[in-house]
Amino acid sequence: MRLSELTTNQNATITWIHAQGEIVDQLLEMGLTPGTTVALIRRGPFGNPLELLVRGYRLSIHKQQASTVEIAL
């Protein structure tokens, strides 16, 4: 399952990032690393961006970025 598929208030654990180069570097710098628990707080208009709770802080990322992050419920 991908991070972009989470529903509001659902928790998941990041298992893998299917990206390369600058995108994966950005996601890792934002704290989206394998083993980290994330929760979807809400979606913006038209489903983009996604507001996540990660490591105690709120993070907004684009749906396209979230689609590269594999998760387990």
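Reader: Where is the place of leucine 32?
Author: Let's start with what we're looking at: this is a predicted model, where local features need pLDDT of at least 70, side-chain atom pairs count only at pLDDT 80 or more, and totals for chains, interfaces and linings use all residues. Residues are numbered from 1 along each chain as its sequence is written, and side-chain values use heavy atoms, with hydrogens and water left out. Helices (H or I, at least four residues) and strands (E, at least two) are DSSP runs, numbered from the N terminus. Leucine 32 sits in the loop between α1 (22–29) and β2 (37–43).

Reader: Is leucine 32 buried or exposed?
Author: Buried means under 20% relative accessible area, exposed over 50%, and partly exposed in between, using a 1.4 Å probe and protein chains only. Leucine 32 has a relative accessible area of 0%, so it counts as buried.

Reader: Which residues is leucine 32 in contact with, leaving aside its neighbours within four places in sequence?
Author: Contact means heavy atoms within 4.5 Å. With those neighbours left aside, the partners of leucine 32 are Ile14, Ile17, Leu27, Val38, Leu52, Val54, Leu59 and Ile61.

Reader: How many bridges join β3 to β4?
Author: Two strands pair if DSSP finds at least two bridges between them. One spot to look at is glutamate 51, which stands opposite serine 60 in β4. β3 and β4 run antiparallel, and the bridges joining them number five.

Reader: What order do the strands of the open sheet have?
Author: The pairing in this five-strand sheet is antiparallel, and the order is β4-β3-β2-β1-β5. Pairing on one side only makes these two the edge strands: β4 (57–61) and β5 (69–72).
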